[in-house]
Amino acid sequence: MLSHLFKFRNILVSFNHIKSPYKMSRQAEKIFKITKPSVNSLPKVDLTSCKSKKTCFKFQVLDTPIKSESDKKEYKVIRLRNGLTACLISDKSTVEYSSDLESESESDSESDESVSGEESENSDYKDHGDVEQKMAATGLCVGVGSFSDPKEVPGMAHFLEHMVFMGSEKFPEENDFDSFIKKGGGSDNASTDAETTCFYFECLEKHLHSALDKFAQFFIAPLMKKSAMTREREAIESEFQIALPSDSSRKEQLFCSFANPHSPVNSFTWGNLKTLRDNISDDELYDGVHKFRIRHYSAHRMTLAIQARLPMETLQEYVLESFCNVPNNELPPHDLTQYGEGVFDTPDFTRIYYINPTKDLRQLELTWSLHSLRDKYKSKPHQYLSYLLGDEGKGSLLSYLRKKVWGLSTSVGNSESGIEHNSMYSLFTISVNLTEEGQAHIFEVIEAIFSYINMLKRIGPQRRIFDEIKSISDSSFRFATEDTAVDIVEDLCESMQFYPPRDYIAGSELYYEYDPEAIKTITENLDPEKMNIMVTSKTLPDGLKYNKVEKWFGTEYTDTEIPKAWVTRWKNVSPYAELDVPLHNPYLTTDFSILPESKSHPDYPQKIMETPLLEMWYRKDQKFKLPLAYYCFYLISPVALESPSRHAMMDIIMNLLVVSVTEELYPARNAELSHSFTTYEKGLIIKVSGYNEKLALVVDVISKYLVTFAEQISNNMFEAVKDKVIKHYYNKLLKPGSLAKCKKLYEEYISSLYVKALVQGNVSKETATETVSGFVRNVGFAQLPENSYPRFRVVQVPNGEKCCRLQGFNKNDSNSIIANYYQSGPFSIRSSVIIEIIMLLIEEPLFDILRTKEQLGYHVYCSIRDTFGILGYTLTVNTQATKYTSSYIDGRIEEFLKHTQKLLADLTEEELEQTKEDLIKTKLCVDVHLKEEVDRNWAEIISDDYIFDRIKQEVEAINNVKIGEIREWWDKHNVFGSQENFRKISIQVVGNDEKNKGKISPIETGVTSGEVCGDSLNEVKITLLGSDEDGKAENKPENYFIQNVEAFKENLFLYPAAHKN
């Protein structure tokens, strides 16, 4: 449903095709997680003393973690006297340690004065404002989660996670910490898993000491006032409502109901108003949540990770000073191992379940419950089997299913979340995304799976394959890219709950030892008599109907016995001749050498080739010094943009390309050489990245498939992929057509192109040029016709306010999205930083008022928008139609904006300077890995902006912005001000609520068949809501509702196509 929100670009943009904005990945990929031995089994060491300026702390020094060769950070693990274990990470990146760091820290801990007050005494930070910055971060994990919920109060652990942040004795304001962090450009969050609860934050390094003091108090003396319970229950209910339409969450909850009813697995981990309000009194809940905290939130069950560019001694002092008073009750955690691997030894487990999804899916899942594999992290036997069963190359299970056109993709193994991988059991799942034909042959699909399993049983564990997996993992660990500090501490503090200190970092990554017996044991347990089968589909076999409803999510399902004849057949099926284990991987890297540095090295990519066919940008990496490179290609043509149906066909072509190259290039993916295809605004984007030695081979293979693509696709595969794409659209308003039309469009598209290319990393200019030139030569396209390069123009929103309100598709989804968009005008650096400053100033009050205090919804945020060179901003609330109307939410957003007028009026020069300084430091945060730099440069290229020094220009503009400019700009763009440039569209996707049905008038959209929110694709249509009468009833101006998007756009002014360079 969230995807509907961004459809409002249809209203703003006038061009031949509509496509969602490019989303640049700013988050590093998560470290692969696995659980580990108990932290309480660590060896004792002598106590060491640390004399701070105030007192003397004693602690134990534990083993130093094994780290990657590429990791230049320093690690130290200590255990405080109260039992809390901390991993201190001193980032050795270049930074000037000025004396004000320590003096500020001391003053921070003794004073609750404002940040600006502290800052005035420590002006060194301003003197070094243009120095590259890094965020500091801290994560704390408590060894308790939802599996410890009282049976009578499901969701208690989750509720406590919310309540513990509602102020402390030392800092009693409920939003004190959140406000402090966000005002400084940082962020904070928390999550509850089955056996752990994690809290983490990031901030500028200068705020770290103060932030730690505030953060630690949540675990020393949290208030958890009774008055906060109602608001936090509502927040949890909103969180649950957002998850309610999620098919993965619905299936997980149903799966948990198969467990032993006396076990902690057979419960409801989310919590909602029913469990936290209706089924319990306020007094009982208040007493219960306090008792739960006292019982489980004990220092000896806490693990802390902290990272900053500070000396190790400083970090150590910060931690000892802040966390030494966290209480330790010395009580052991609940012993969950008593339930053992028999948790799913129930008659409900070994059955076949047919589940009615909220989305139109066809998915098969086979799941086995194994004994806990936490103690097998050194050999990872389940990962060995995932590697083979999840193979997609020649001879693989997926290759067989695709040739039969029974399955389009597979997913194998264990996500290693708390529900799937814990102290009681580990799940092993084989999932297949089925085609319509595959669902008709579902028992044959399962037979093919067991044919592969039986082959593995017959050949037994293979040392060659294990050594290949180990070699890939060793190289990946050796040359690991750095994550952001907050990602590192979030993962590490949880890993510390289970690994011994030496393996905190490497435990999840490395294969230490070969254990063929463990592999054999798991393989033998993959028995058809021990498995659970889930089939998720809108279509049921003949004679069945959805006659059961899951208690918490309301999931419709039915179940039957697994036919014994088929179980026997699966058990005895022989390995198919088409199936085999992977051969030796030809893409494994052997040359990891780093190119020598150049004396004159440009700061930004340089254009090294320009022809009528191509522009090529290049920059060698001399910062990260890893054997990695990125090749990015943008294949631009106006052909795909001539109509929405043509773009729909391009989506099919992109998916077919993925299918066609997978078999040959999957070994490359296994060898850490990745590739991707994406449809974008002007054509296809192809990316290839990984170890640089053999990336050119991958580019070469892709270029040849682009040439032979039309010859390789069968009609059956085309129909299967088309069906998948249509389901993704969730409607049949766009009908992509036939295979013949697909081939014709592709031939037209690929025949004439303009290609943009970027090559960055550990690759020479000569190799980059040769590879890109080879790509162009292999594809063999002509240049675009003159003046046919696609350009985009944006309509000017009329002065005043308009509303585009439409009904959500899913009748079972009550979530509403209200995004108020306020358009400003053509891009300029100065205007963009003014909006950014304002967004930073109002972000925390927005969250505090609309989310925390008014509880309008779980997701509440503001953001700047740049729509093809036209600036604006949005305020967005995700609420539920069962609680609030979209009109009410729109009104509350406007009331908040009136409140911001006073916020800006009361803003002092000193407070603005602090905000500007923090924004600058946030922008100057260094890239922690090459991908961040590549993504930023690639975004400049594909947008036609080419402002590679954007950050530098923004910093200069921020420094020069005056408080009067900000107030004047805000006054012009809001209804409470001069309204000189008040241009607003409220985009409202309304969730479904039966009791409000009929209160808002639907508007015909030209689609005359089917229900507004039917179950099947044939019944889905877009329905605009709101009439002139509704506008009057809501006290809105005349013609407030947009009742026809194209008619609304028809006579609006079009901004010229933007070129910001």
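1. Start with Thr138. Leaving aside neighbours within four places in sequence, Thr138 is in contact with Phe199, Tyr200, Phe201, Leu208, Leu212, Phe215, Leu304, Ala305, Ile306 and Val489. Note that this is a predicted model. Thr138 sits in strand S6, which covers residues 135-142. Is Thr138 buried or exposed? Thr138 has a relative accessible area of 0%, so it counts as buried.

2. Next, the nonpolar cores. The largest one has 127 residues. Leu364, Trp368, Ile533, Trp570, Phe633 and Leu635 touch the most other members. Which helix gives the most to this core? Helix H22 (residues 644-670) does, with twelve residues. A second, separate core holds 59 residues, including Ile78, Leu160, Leu304 and Val326. Leu304 is also one of the contacts of Thr138.

3. Look closely at Phe633. Residues up to four places away in sequence are not counted here. Phe633 then touches Leu684, Ile685, Ile686, Val699, Val755, Lys756, Ala757, Val772, Phe775 and Trp938.

4. Phe633 belongs to strand S19, and both faces of S19 are covered. On one side, Leu628, Tyr630, Cys632, Tyr634 and Ile636 are buried. On the other, Ala629, Tyr631, Phe633 and Leu635 are buried. As a rule, in a regular strand the side chains alternate between the two faces of the sheet. Why is S19 (residues 628-636) described as largely enclosed by the rest of the structure? Because nine of its nine residues are buried.

5. S19 pairs with strand S21 (residues 683-691) in the antiparallel sense, over nine bridges. Leu628 has Tyr691 as its bridge partner in S21. S19 also pairs with strand S22 (residues 754-761), again in the antiparallel sense, over eight bridges. There, Ala629 has Gly761 as its bridge partner.

6. Now an open sheet. Seven strands form it, in the order S12-S13-S11-S14-S10-S16-S15. The pairing is mixed. Which strands are at the edges? They are strand S12 (407-413) and strand S15 (548-549), and each pairs on one side only. S12 and strand S13 (residues 425-434) run antiparallel and are joined by six bridges. Gly413 stands opposite Thr429 in S13.

7. Which residues of H28 are buried? They are Ser886, Ile889, Asp890, Ile893, Glu894, Phe896, Leu897, Thr900 and Leu904. Seen down the axis of H28, the buried residues fall within an arc of 160 degrees, so they line one face of the helix. Lys902 and Ala905, on the other side of H28, are exposed. The buried residues of H28 pack against strand S24 (800-807), strand S25 (815-826), helix H27 (829-853), strand S27 (870-880), helix H32 (963-972) and S28.

8. Glu894 also has a charged partner. Its side chain meets that of Lys984 in a salt bridge, at 2.9 Å from N to O. Glu894 lies in helix H28 (residues 886-906) and Lys984 in strand S28 (residues 983-990), so the pair ties together parts that are 90 residues apart in sequence. Both Glu894 and Lys984 are buried.

9. How many salt bridges does the structure hold? It holds 60. Another one joins the side chains of Asp527 and Lys571, at 2.7 Å from N to O. This pair links distant parts of the chain, 44 residues apart. Asp527 is in the loop between helix H20 (516-525) and strand S14 (532-537), while Lys571 is in helix H21 (residues 564-572). Asp527 is buried, at 12% relative accessibility. Lys571 is partly exposed, at 36%.

10. Compare a salt bridge between exposed residues. Lys564 forms one with Glu561, the closest N and O atoms being 3.8 Å apart. Lys564 has a relative accessible area of 63% and is exposed. Glu561 is exposed as well, at 54%.

Methods:
Residues numbered from 1 in each chain as written. Predicted model: local features only at pLDDT ≥ 70, side-chain atom pairs only at ≥ 80, totals over all residues. Heavy atoms only, no water. Salt bridge = Lys/Arg side-chain N within 4 Å of Asp/Glu carboxyl O. Helix = DSSP H or I, 4+ residues; strand = E, 2+ residues; numbered from the N terminus. Buried < 20%, exposed > 50% of the residue type's maximum accessible area, 1.4 Å probe, protein only. Core = buried A, V, L, I, M, F, W, Y, C linked by side-chain atoms within 4.5 Å. Contact = heavy atoms within 4.5 Å. Arc of directions from axis to C-beta. Pairing = 2+ DSSP bridges.
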